Amino acid sequence: MSMLSIHRRAALSLIGGLAAACAGVFTTLPARADSTVTLWSWRTEDEAAMRRIFDVFEKNNPGIKVDIQFTPDADYQNRLSTALRGGRGPDIAQLKAYGELQPFVEGGYLDALDDSVAELKNMPDAALGGARGRADGKLYGVPYSVPMMGVFYNDDIFSAQRIEIPKTYKDFVAACEKLKAAGITPIANGGANGSAWELEIGVGVIGPTIYGPGFYDEMMSGKATFEDPRYVAALKRFAELKPYYSDGFAGIDYTTATQQFIGGKAAMFFGGSFENGSFKSQNPKLKFSIFPFPADDASTKLYTSAFSDGSYGLVSESQNKEAATRVLNFMASAEFAQLFADELGWPPARTDVTVKDPVLAKMMEMSKNSTPYLTLVGFRWQTPTASSVMQSEIIDMVEGNVAPEKLAADMQAAVATWFKPKQ
């Protein structure tokens, strides 16, 4: 076995259940009249919208077809990994961000795009940070969105119950009590069957109003840790809202929780921007919007967690690189960003768009006061990740079987095995 093969096998081992993009030696082929670019994605809920977006590309680029193949998120990485090991991967792969991207880069499975996709320079650092190689600083993907997090609410339910958007945490609890008394689930929430990532998002919704916008930098410098009383307070607040979560919280999964909100059975939902288009497509009659989680004091400036959701990268072994690069240049363009915002309703990677959707407008207004989504942006670079520990223990914390202090200590102990503060 060659050293290159050993290196790539090691990278795949590091990824674990994640996929890596292909690597190898190839001959670049020119785009042909019948060029078909295969693009793989885990966002099954976006299938119709993405097809409409690429219909626009194909109309303006005759001779290039984009074959978008969607696989559910739970199965996507296994499908991609298996295909790449057998040399049957796509031309373009949707990629996770930050630490989950690095093994792909280190293994040589992706081509850097700095020189081939000029429009990357017109994207903000908040978008590019998730697509950048940690060692060389090069860009290995075209970002598509910078989501932020907040509290989605059903406007009709709030109006019927004469509830205003809470200005303080006390107001928020009072609203939950009123909803519960009316027989309405205040907050659709649950983390069963592999959905604990949604509970992690809930902490991301609540956290910034408690630990503040400068906490991320303190964590990165080593001045603060997960055991800091401010972070523990965020965990406690998430847990103390249990009486207002869906009945049978521990047995409710993400899909069930979203259906409770979409179907008007629940008044609120902790989520990210990516829910906007999905909610609208599943129930076009649903009237909803979003607000930042309130703080104890109404005068406190409210912040939201934000992050780069992912990117689309060029697989090194692609035999159709010229056409694939043209597709990626389209995905980096202002035209794609506008189509993305219009079709999907969540913040695109570029800010030079005209916002037409009122919910998206509210999201982009909220995103002006943002701080990095702590566990993702800061602590998913190596294993064990802060996310893996949180997701394994957070249901028990909400149920009262694990103290918030214990969860925070376990998260800190896990990342301390590899995290080195910036000096």
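I started with helix α2 (residues 47-60) and helix α14 (residues 321-331), whose axes come within 11 Å and cross at roughly 120°. For the record, axes here are lines fitted to C-alpha atoms, for helices over the stretch in contact, and angles run from 0 to 180 degrees between N-to-C directions. Helices (H or I, at least four residues) and strands (E, at least two) are DSSP runs, numbered from the N terminus. I then checked the hand: α2 passes α14 in a right-handed crossing. A crossing is right-handed if the near helix is turned clockwise from the far one by less than a right angle, and left-handed if anticlockwise.

Which residues make that contact? On the α2 side I found I53, F54 and F57, and on the α14 side R326, V327, F330 and M331. Contact means heavy atoms within 4.5 Å. Sorted by class, the contact of α2 with α14 has six nonpolar, no polar and one charged residues. In this scheme Ala, Val, Leu, Ile, Met, Phe, Trp, Tyr, Cys and Pro are nonpolar, Asp, Glu, Lys and Arg are charged, and the others, Gly among them, are polar.

Notes on the source: this is a predicted model, where local features need pLDDT of at least 70 and side-chain atom pairs count only at pLDDT 80 or more, while totals for chains, interfaces and linings use all residues. Residues are numbered from 1 along each chain as its sequence is written, and side-chain values use heavy atoms, with hydrogens and water left out.

Next I looked up helix α8 (residues 196-206) against helix α11 (residues 229-240): the axes come within 9 Å and cross at roughly 120°. This crossing is right-handed too. From α8 I noted L199, G202, V203 and I206 in the contact, and from α11 Y231, A234, L235, R237 and F238. By class I got seven nonpolar, one polar and one charged residues for α8 with α11.

How many residues of α8 are buried? I got ten of its eleven, so α8 is mostly covered, with buried meaning under 20% relative accessible area, exposed over 50% and partly exposed in between (1.4 Å probe, protein chains only). Among the buried ones are E198 and E200, as well as G202 and G204.

**Rings**

My search of the whole structure turned up 38 aromatic pairs. One of them is F279 with F288, edge-to-face at 5.7 Å centre to centre and 80° between the planes. The rule: rings of Phe, Tyr and Trp (its six-membered ring) pair if their centres lie within 6.5 Å, and planes under 30 degrees apart are stacked, over 60 edge-to-face, the rest tilted. F279 is buried at 0% relative accessibility, and F288 is buried at 9%.

F54, F57 and F330 were already on my list for the contact of α2 with α14.

Charges over rings came next: R79 lies over the face of W40, 3.8 Å from the ring centre. R134 does likewise over W381, at 4.4 Å. The test asks for NZ of Lys or CZ of Arg within 6 Å of the ring centre and within 35 degrees of the ring normal.

**Two buried residues**

I64 lies in strand β2 (residues 64-70) and counts as buried at 3% relative accessibility. Not counting residues up to four places away in sequence, I64 touches S35, V37, F57, E58, A323, R326 and V327.

S246 is in the loop between α11 and α12 (254-262). Is S246 buried or exposed? S246 is buried, with a relative accessible area of 2%. With the residues up to four places away in sequence left out, S246 touches T185, I187, A188, N189, I252 and Q260.

Most residues other than glycine have a negative phi, and most peptide bonds are trans. The bond from T383 to P384 is cis, with omega near -5°, and P384 lies in the loop between α17 (374-378) and α18 (386-398).

R162 has a positive phi of about 55° although it is not a glycine. I placed R162 in the loop between α6 (155-160) and α7 (169-181), where R162 is exposed at 76% relative accessible area. N193 also has a positive phi, near 55°. N193 lies in the loop between β6 (185-188) and α8 and is exposed at 69%.
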